[in-house]
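I opened this notebook to keep a record of what I looked up, entry by entry. The structure comes first, and my notes come after it.

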Amino acid sequence: MKNYFKSISTALDVQSRSYEKLKDLEYCAIFLEQGLGKSKIAIDLILYWLKNQILSKVIVFTKKGLIKNWTDEIAKHSHLSYGILSQNIENNSDLFFANVNFLLANFEVINLERPRIEKLALNNEVGIILDESAKIKNPLSKLTQNFLEISNSFKKKCIMTGTPSANRPYDIWSQIKFLDDGRALGYDFESFKKKFDLNNKLQNDQNAQLRFSNNLTLIFEKISHFTVRETKEKSGVKLPKKHFINVQTDWEHNQHLKYLELKEEFRIFIQKSGKKVEEDAEPILKRIIRLIQITSNPFLIDDSYNNKPGKFKSLLKIINKIIANGEKLIIWSAYLKNIYWLFKVLSQYKPLELHGRQTIEQRNSSIEKFKNNDDLKIIIATPQSSKEGLTLTVANHCIFYDRTLSLDDYLQAQDRIHRISQNKDCFIYNLIMKNSIDEWIDSLVNAKYWSAKLLIGDIDEFEFKRKIKYNFSSIIKEILKL
């Protein structure tokens, strides 16, 4: 039994430091940057809690697509046996009554099995770990509310993510509330949100900018005693450099006409309705997405469009250069229809696909072929289905054919190639259409990035003020000619 609770792998220094700080805390947050081995730390914590009889059971909640990643990590780092809770209530019943120390579940299981999970936690010494905890960033969702309402039933609580402010600074609030019931960041989400909203008013109000940066600095001070945060640069883990290349692209004629037409409709809507351009306002967001789609590929919203969009020419140049060097690449697009289209028009390169419509078997087959077949140089993927728990370090290039407004999608996707086991410099290409919504996205995502860095303590307020640009407001106004 002693060996049963012993780790069978050697921890990196960064993992050992994190483990030592967290192992005896009532609750904790593992905020290591992507690719530094958060799951190894979590498994070592589980082994410690079980070995010392601090807990009798641990439940790890993760995303559906990461269950296999967890089973692989468990086998790599321990001798633990486990059970998997699913949407099959009958099969779950056996696991609730079995002598199993370790349970895995996808997040949605909480909506189905909350009563039995809560009863299990109340009657036993149970710990809970939320992997990719940004899943509960929305405090109004049913899933988040279920976790918040039963969190006090657990003896140990841990959250894990490399991007706690996955899209906006206030995304961190419900994750921390799950741990401490509101003691660090307050009990009211709306009050918190007002202080940490990266809004258009900031550009022309220096006092508001100062309050914003001061407030961001205070967050990490309030949570640092139960949090570990390491970046690749500061962790001591030696990784190759990551290079960012913005590639300006030209319009295809018909594509540009469609864009101008839709942009004018958007401009008129803004003026007539008196609405402000905010990404979380649903009628605005729908129009922004349509502009993004046309900028990427008008075929996404118009089946009659059969030309090659402007970005395709630049894409081919990059692909040919990479392949000529004997290296591999990932092409990222947010849109499934684009994945199918790119797969077809790039057929001469024999690309592979990776997206949410694939079965687990198809997905795993694509990954294995890409990793093990030297002749297959390209995989085309959606960030939403492939951004977490996936190591594709056989590639050292990734091309964002288009981007959404999500910082999380962007960071997680690029770090599929820039992580432990990578031995080449990595190149991140952003295809940006001239005079388009792409320029606003680039500006806004960068502002989110530097805000997230300050919030989590990666940089200080002085560096933040040097790096941050609040010009996303003026860029969107210029794009729409408001």
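**Entry 1, ground rules.** I am working with a predicted model, in which local features need pLDDT of at least 70 and side-chain atom pairs count only at pLDDT 80 or more, while totals for chains, interfaces and linings use all residues. Residues are numbered from 1 along each chain as its sequence is written, and side-chain values use heavy atoms, with hydrogens and water left out.

The axes are lines fitted to C-alpha atoms over the stretch in contact, with angles from 0 to 180 degrees between N-to-C directions, and the helices are DSSP runs (H or I) of at least four residues, while strands (E) have at least two, both numbered from the N terminus. For the residues that meet (contact means heavy atoms within 4.5 Å), I noted Tyr-259, Leu-262, Phe-266 and Phe-269 among those of H10, and Ile-284, Ile-288, Leu-291 and Ile-294 among those of H11. The residues of this contact of H10 with H11 divide into ten nonpolar, three polar and four charged (nonpolar: Ala, Val, Leu, Ile, Met, Phe, Trp, Tyr, Cys and Pro; charged: Asp, Glu, Lys and Arg; polar: the others, Gly among them).

I then turned to helix H4 (residues 89–97) and helix H5 (residues 109–123), whose axes come within 12 Å and cross at roughly 5°. H4 and H5 are therefore roughly parallel to each other. Ile-89, Asn-92, Ser-93 and Phe-96 of H4 make the contact with Leu-112, Glu-113, Arg-116, Ile-117 and Leu-120 of H5, and by class I recorded five nonpolar, two polar and two charged residues.

Which residues of helix H1 (residues 13–22) are buried? I found Val-14, Gln-15, Ser-18, Tyr-19 and Leu-22 (buried means under 20% relative accessible area, exposed over 50%, partly exposed in between, with a 1.4 Å probe and protein chains only). Seen down the axis of H1, these buried residues fall within an arc of 130°, so they line one face of the helix; the arc is that of the directions from the helix axis to the C-beta atoms. On the other side of H1, Asp-13 and Glu-20 are exposed, and the cover over the buried residues includes strand S1 (27–30), helix H2 (38–51) and strand S7 (227–228).

Leaving out residues up to four places away in sequence, Lys-177 touches Leu-148, Gly-182 and Tyr-187. Cys-398, in strand S12 (residues 397–400), is buried with a relative accessible area of 0%. Last, I looked up Gln-248 in strand S8 (residues 242–249), which is partly exposed at 42%; beyond four places in sequence, Gln-248 touches Ser-314, Ile-432, Met-433, Lys-434 and Glu-439.

Note on methods. Angles under 35 degrees count as roughly parallel, over 145 as roughly antiparallel, 65 to 115 as roughly perpendicular and the rest as oblique.
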